[in-house]
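Hi,

Here is the structure I promised to pass on. Have a look at it first, and my notes on the helix packing and the core follow below.

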Amino acid sequence: MKYESQKVARLYFIAALGLFVGQILFGLIMGLQYVVGDFLFPAIPFNVARMVHTNLLIVWLLFGFMGAAYFLIPEESETELWSPKLAIVLFWVFLVAGVLTILGYLLVPYARLAEMTGNDILPTMGREFLEQPLLTKIGIVIVALGFVFNVGMTVLRGRKTVISTILMIGLIGLAVMFLFSFYNPENLVRDKFYWWWVVHLWVEGVWELILGSLLAFVLIKVTGVDREVIEKWLYMIVAMALITGILGTGHHYFWIGAPEYWQWLGSVFSAMEPIPFFMMTLFAFNMVNKRRREHPNKAAILWAMGTGVMAFLGAGVWGFLHTLAPINYYTHGTQLTAAHGHMAFYGAYAMVVMCIISYAMPLMRGRIANSNKAQVAEMWGFWLMTVSMVFITLFLTAAGVVQVWLQRYTDTPMPFMLVQDKMAIFFWMREVAGVFFLGGLGVYLWSFFIGTDADAARDNAKVLAKVSTKVREESTQETARA
């Protein structure tokens, strides 16, 4: 680690992982409520568990992105963070606001929470993913503006790189698009039209810029590939992500009452959305194959390659499966949507946050990489979580196919709740896979506590010694050939 202010990122990473655990626990509660309807009722009704699950997802990823930026920007800019104190203050404001909001969901009826937090002044609550009270939304805006100002000032006074520039564009876009969460028109079509400007243009727009820049940063560090090569790939990925992501918003406009031309625009550009994720997969594998040095942090390399593959499968392939309007007509809002959402969020965003944490955390603890034992445990966590997510996606996909067949496509559709009973076996299997995922997350967290600094130094020295020997041998061979 080159700059002392980069240590601010540790707070954000710890909070992100803690909230991630909470998200998975509430996901398991929801999964069990699908098949045991009165589980924890009335203490935690399904709608409350779902609200907490999805809100924790958004908040922990935001903590992860902010921590990643606080680590990456000083190193890319070759200067200390503009104000580490501001970063710490904003951290506590964001964490306290987030925790109080979750407690509000759990302890106060939602209608009462709306009355208590000024929803009558500016109605913004009651919409999926944007259930946060008005006070929380205002707090998020303040934190986002302070965060963007802090990292922006750091970039302005230091070196400008392609990676830091693209990351800043993504972070500014994240902050700007959230402002549409305050716009809640009475007309339902108009409401949904602009609601997707937050949700879609985050996850399929500006967040992809953040994803690309974080992945590029880690790959430069662990492979030694020339920055110019990685930056060329990054330009192409970002261009395709913006072209397909912005116009691809149209696939959410198919059935909400928007003009009919959105069926064509949404279908065509949504069908192209897998392209940047496929490019990202090629990018990761290509950079690792071209690496000019061996890096002791094998776990970070695994996360980087896994991010490319799982993002392509979840966001690309599973998104494409039901994105065309004639198919979406039958699949819209079914368990196929949930299958796509689970793998896409995990593959594209959860994994890239854990990738940057895997690379940065050892450095903030004074190590090049964790000990071999710690990395083996971390990679076990990687495989347990990733394989579990694949099975969760497959079980939800099977449930979605059954749902479409029995409820949507047939000439004699069955009632909704009866179809839910027919899918129960898949929900049980999804729950079992979720338990294994939680186990994998536990192993991943445990890996941070394995091995001492001395173990890490010894294991890192062995790798670096092998690299030095290989470099000398290659130099000798080149000299002999000359």
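Let me start with helix 1 (residues 8-35) and helix 3 (residues 84-107), which pack at about 15° with their axes 10 Å apart. That makes the two roughly parallel (angles under 35 degrees count as such). Their contact (heavy atoms within 4.5 Å) involves V8, L11, Y12, A15 and F26 of helix 1, and P84, A87, I88, L90, F91, L95 and L106 of helix 3. By class that is 12 nonpolar residues, with no polar and no charged ones.

Before going on: this is a predicted model, with local features needing pLDDT of at least 70 and side-chain atom pairs pLDDT 80 or more, while totals for chains, interfaces and linings use all residues. Numbering runs from 1 along each chain as its sequence is written, and side-chain values use heavy atoms, leaving out hydrogens and water.

Next, helix 2 (residues 46-77) and helix 5 (residues 134-156): their axes come within 9 Å and cross at roughly 15°. Helix 2 and helix 5 are therefore roughly parallel as well. The contact of helix 2 with helix 5 has 9 nonpolar, 3 polar and no charged residues.

As for the core (buried nonpolar residues joined through side-chain atoms within 4.5 Å, buried being under 20% relative accessible area with a 1.4 Å probe), the largest one has 140 residues, and F63, Y70, W202, W207 and Y346 have the most contacts inside it. Helix 2 gives the largest share, 20 residues. A second, separate core of 5 residues includes A399, V419, F426 and F427.

Cheers

Terms used
Axes are lines fitted to C-alpha atoms, for helices over the stretch in contact, and angles run from 0 to 180 degrees between N-to-C directions. Helices (H or I, at least four residues) and strands (E, at least two) are DSSP runs, numbered from the N terminus. Angles under 35 degrees count as roughly parallel, over 145 as roughly antiparallel, 65 to 115 as roughly perpendicular and the rest as oblique. Ala, Val, Leu, Ile, Met, Phe, Trp, Tyr, Cys and Pro count as nonpolar, Asp, Glu, Lys and Arg as charged, and the others, Gly among them, as polar. Buried means under 20% relative accessible area, exposed over 50%, partly exposed in between (1.4 Å probe, protein chains only).
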